[in-house]
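Visitor: Hi! I'm new to this one, could you walk me through it?
Guide: Happy to, let's bring it up.

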Amino acid sequence: MSSKNRVRYIATAAVATAAMAMGVAGCATSAATATSTGQTGPHHASTVPMHPSVPAGSVAPSPTSPPARIPAAGTPTASAAAKGAVPAKGAIPSSFTKVSEGGPHTVNITIDDGPSPVWTPKILSVLAQNHAKATFCMIGKNAAKYPDLVKDVVKAGNRLCDHSLNHDMTMSRKSASYQSQEILEGQAFIDKAAGGTAKAQYYRAPGGAFTPTSRQIAAAHGMRPLGWDIDPKDWSRPGTESIINTVKHELSNGPIILFHDGGGIRSQTVSALQHLLPWLKQHGYGVSFPSQAG
Ligand SMILES: [Zn+2]
């Protein structure tokens, strides 16, 4: 991932988009590989994080999401771009967001797989102590189970992201109607749990298993596809120090950092954020949200 991202930052804007797509595709492909080879572990339970341990880029990119199919920045969909269509004003692009609303030298904290009655309140507490906000990518069924937590997340000024209804990492290999159902029912559950206080503004595919179709469905329903630039693999509990060091060393990759509050014991994630948030501030980094339009 890091070599790709280094390339991304010395490349042109168009190549940069493709390189990010490759990074996400690598994660998605890894997810599919882990599942198809019968790998056991945290991939069985629906609330467990599904990001695989296989390094991104160690396998060939999935045929469902080669970089060439990713529309250039600013185009709403590949088909629309092919027809020369101009994006409607205010439309959500189906490309991955790669810009922080806060501008350069800000990071975007993203928290996946919750809400969790144990870990979400602890993460919210650390964020509040550090006057930081995050984007919570929730599993629809978890949101329906814990609607008060969804409201707490919103009340504290954080944003919501749809992480699908059931967190099926193989959804990229299933029909468009299935993908649509997973995305839109997840969105409906999250929005309902928020009780009108907020709506999901982003969509992150489980395990990064995006397809051009899923990105277009999300964008057409007001949700910007959301990848990530920095993956400390906190879901695998590599140790608090490892999580901290990965984030520090990969800050030049881009603004979006991937963490988890669901799917298992997240004490290392909480401890890492307790260290990282003050450290980021000391080093001049702000904390912001991913841009919906940029
Ligand atoms: Zn996830």
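Guide: Let's start with H167, which is buried, with 28 other C-beta atoms within 10 Å. Keep in mind that this is a predicted model.

Visitor: Where is H167 found?
Guide: H167 is in the loop between β3 (159-162) and α7.

Visitor: And what is phi of H167 near?
Guide: Near 60 degrees, a positive value, and H167 is a residue other than glycine. For background, most residues other than glycine have a negative phi.

Visitor: OK, what about R237, what is phi near there?
Guide: Phi of R237 is near 50 degrees, again a positive value in a residue other than glycine. You'll find R237 in the loop between β5 (224-225) and α9 (240-249).

Visitor: Why does R237 count as partly exposed?
Guide: R237 counts as partly exposed because it has 17 C-beta neighbours inside 10 Å. The buried class needs 20 or more, and the exposed class 12 or fewer.

Visitor: Switching topic: which residues does the cis peptide bond join?
Guide: That bond joins G114 and P115, with omega at about 0 degrees. P115 has its place in the loop between β1 (106-112) and α4 (119-129). In general, most peptide bonds are trans.

Visitor: Now the inside. How many residues has the largest nonpolar core?
Guide: It has 49 residues, and those with the most contacts inside it are M138, C161, I190 and I257. Helix α7 (residues 176-194) supplies the largest share of this core, six residues.

Visitor: What does I190 touch?
Guide: Leaving out residues up to four places away in sequence, I190 touches M138, G140, A143, V150, L160, D162 and A200.

Visitor: Is their crossing left-handed or right-handed?
Guide: The crossing of α7 and α8 is right-handed.

Visitor: Which residues make the contact?
Guide: From α7 there are A176, Q179, S180 and I183, while α8 brings T213, S214, I217 and A218.

Technical notes. Residues are numbered from 1 along each chain as its sequence is written. This is a predicted model: local features need pLDDT of at least 70, side-chain atom pairs count only at pLDDT 80 or more; totals for chains, interfaces and linings use all residues. A nonpolar core is a set of buried Ala, Val, Leu, Ile, Met, Phe, Trp, Tyr and Cys residues joined through C-beta atoms within 7 Å. Helices (H or I, at least four residues) and strands (E, at least two) are DSSP runs, numbered from the N terminus. Two residues are in contact if their C-beta atoms, placed from the backbone, lie within 7 Å. A crossing is left-handed if the near helix is turned anticlockwise from the far one by less than a right angle, and right-handed if clockwise.
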